[in-house]
Amino acid sequence: MDDYSSVSYAHSEERVFELLASRQLQITVGVVPYTAGGDIGNPFPNAQLPLVSSKVRLLSDALSAGVCDLALHGYTHQSLCGRSTEFAGLPLVVQSEKIRRAQKCLEDLVGVKVRTFVPPWNSYDRYTLRALEGLGFSCISADRKGPWVHASRMSFVPMTCGLRELKMAVSFAKAIEGRPLVVAGFHDYDFVDVEQRRGTLTLAHFADILDWIRSDPELQLVSIGALLTGDVDLGVERYRQRPAVNGLLIPPVCDRRGFKYVYVETSLGERLSKQLTVRLGLFYGACAALGALLALGSAIEAISPRKTAAVTVAL
């Protein structure tokens, strides 16, 4: 669950924690320790709202109940010069200082170490990775379009779907060999109980999803923190073998195994990535050829002389 802050919806977050506690399940919560008081899209300095005491208390209770672990979700979640990023493009020293201050603030508030980073808008660069490693972070969780460096010691746990696509993603994962991961992300505003305009499901539906996961012996719901303590390969080589294009640009006909919804193991990812690249090239090449033929046909029709017919009108 992302965007936990002083201005996020406490009612829905409290209900999510209650649903998890009653089922003895755990998720990762991405926390913004300071929030831009104005529009987060405004690149100019805004008043910074620290995590208020009521939200600190709610988060601390959830930690004590074992229903969540924490990830740092930026510093203020404020964009840079109108771009949807808080870090990418900034010098290394600036990124390091912002992340250090945010990390210290969150750790001081809740009294636990924070080692997972979720960049706002899933946007970061290679300097971000260097800053995170220098500050003791061990994991980054964004989407699958972000950069990587060969020598990185970070674990990569990229989001593969939202709650709406979760069941479909799981069905794809069950048909894939090895130990595939499905990493689902959501926000408080995804619930129509909170935002009728932006929401896509109810809290009751979320409860049904949790029950569905618990009822399936082939599924295991874990937080990112729990995942990091296991023997799952989450290194940079696995992350390299992913569809590094926007999922909206991958038509189903090119991805019948659901590669864009599942984080597969390294060897399979390498094979599927090559197959997907070839299929996308063929698909969009065919689209371009068809478009050229249609344009040519229209051009020929436009320059061809037209025969006029005699028209008889009877009244």
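Student: Quick one to start. Is D3 buried or exposed?
Tutor: D3 is buried, with a relative accessible area of 17%. The cut-off for buried is under 20%, so D3 makes it. Keep in mind that this is a predicted model.

Student: Where is D3?
Tutor: D3 sits in the segment before α1.

Student: What is the phi of D3 near?
Tutor: The phi of D3 is near 70°. That is a positive value, and D3 is not a glycine. Most residues other than glycine have a negative phi.

Student: And what about W121, what is its phi near?
Tutor: W121 has a phi near 60°, also positive and also not in a glycine. W121 lies in the loop between β5 (116-117) and α4 (126-134).

Student: Is W121 buried or partly exposed?
Tutor: W121 counts as partly exposed, at 30% relative accessibility.

Student: Let's move on to α4. Which residues of α4 are buried?
Tutor: T128, L129, A131 and L132 are the buried residues of α4. They cover an arc of only 165° around the axis, so they end up on the same side of α4.

Student: What is on the other side of α4?
Tutor: R130 and G134 are there, and both are exposed.

Student: Which residue caps the N-terminal end of α4?
Tutor: D125 does that. A side-chain oxygen of D125 lies 3.1 Å from the backbone nitrogen of Y127.

Student: What comes just after α4?
Tutor: G136 does, with a positive phi of about 90°.

Student: New topic: α6. How many residues does α6 have?
Tutor: Helix α6 has 13 residues, 203-215. At 1.5 Å a residue, α6 should span 18 Å. Its end C-alpha atoms are 18 Å apart, so the two values agree.

Student: Which residues of α6 are buried?
Tutor: The buried ones are L203, F206, A207, I209, L210 and I213. Seen down the axis of α6, they fall within an arc of 155°, so they line one face of the helix. These buried residues pack against α1 (10-23) and α5 (166-174).

Student: How many residues are in the largest nonpolar core?
Tutor: The largest nonpolar core has 73 residues. V16, F17, V29, L59 and F156 touch the most other members. The largest share of this core, six residues, comes from α6.

Student: What is V29 in contact with?
Tutor: Leave aside neighbours within four places in sequence, and V29 is in contact with M1, Y4, F17, L59, C68, D69, L70 and A71.

Student: Back to α1. Is R23 buried or exposed?
Tutor: R23 counts as buried, at 14% relative accessibility. R23 is found in helix α1.

Student: What does the side chain of R23 reach?
Tutor: The side chain of R23 reaches the backbone oxygen of L19, at 3.1 Å.

Student: And what else does R23 touch?
Tutor: Not counting residues up to four places away in sequence, R23 touches A207, L210, D211 and R214. Two of those, A207 and L210, are among the buried residues of α6.

Student: Where is K260?
Tutor: K260 is in the loop between α8 (236-240) and α9 (266-303). At 19% relative accessibility, K260 counts as buried. A polar atom of the side chain of K260 lies 3.1 Å from the backbone oxygen of I250.

Student: How far is K260 from F283?
Tutor: Their C-alpha atoms are separated by 16 Å. Along the chain, K260 and F283 are 23 residues apart.

Student: Last topic. How many disulfides are there?
Tutor: The count comes to zero disulfides. C105 is in no disulfide, and the nearest cysteine sulfur, that of C68, is 16 Å away. The cut-off is 2.5 Å between sulfur atoms.

Student: Is C105 buried or exposed?
Tutor: C105 is buried, with a relative accessible area of 12%. C287 is partly exposed, with a relative accessible area of 39%.

Notes:
Residues are numbered from 1 along each chain as its sequence is written. This is a predicted model: local features need pLDDT of at least 70, side-chain atom pairs count only at pLDDT 80 or more; totals for chains, interfaces and linings use all residues. Side-chain values use heavy atoms; hydrogens and water are left out. Helices (H or I, at least four residues) and strands (E, at least two) are DSSP runs, numbered from the N terminus. Buried means under 20% relative accessible area, exposed over 50%, partly exposed in between (1.4 Å probe, protein chains only). A polar contact is a pair of N or O atoms within 3.5 Å; within protein, one must be able to donate a hydrogen and the other to accept it, and residues adjacent in sequence count only if both atoms are side-chain atoms. The expected span of a helix is 1.5 Å times one less than its number of residues. The arc is that of the directions from the helix axis to the C-beta atoms. Contact means heavy atoms within 4.5 Å. A nonpolar core is a set of buried Ala, Val, Leu, Ile, Met, Phe, Trp, Tyr and Cys residues joined through side-chain atoms within 4.5 Å.
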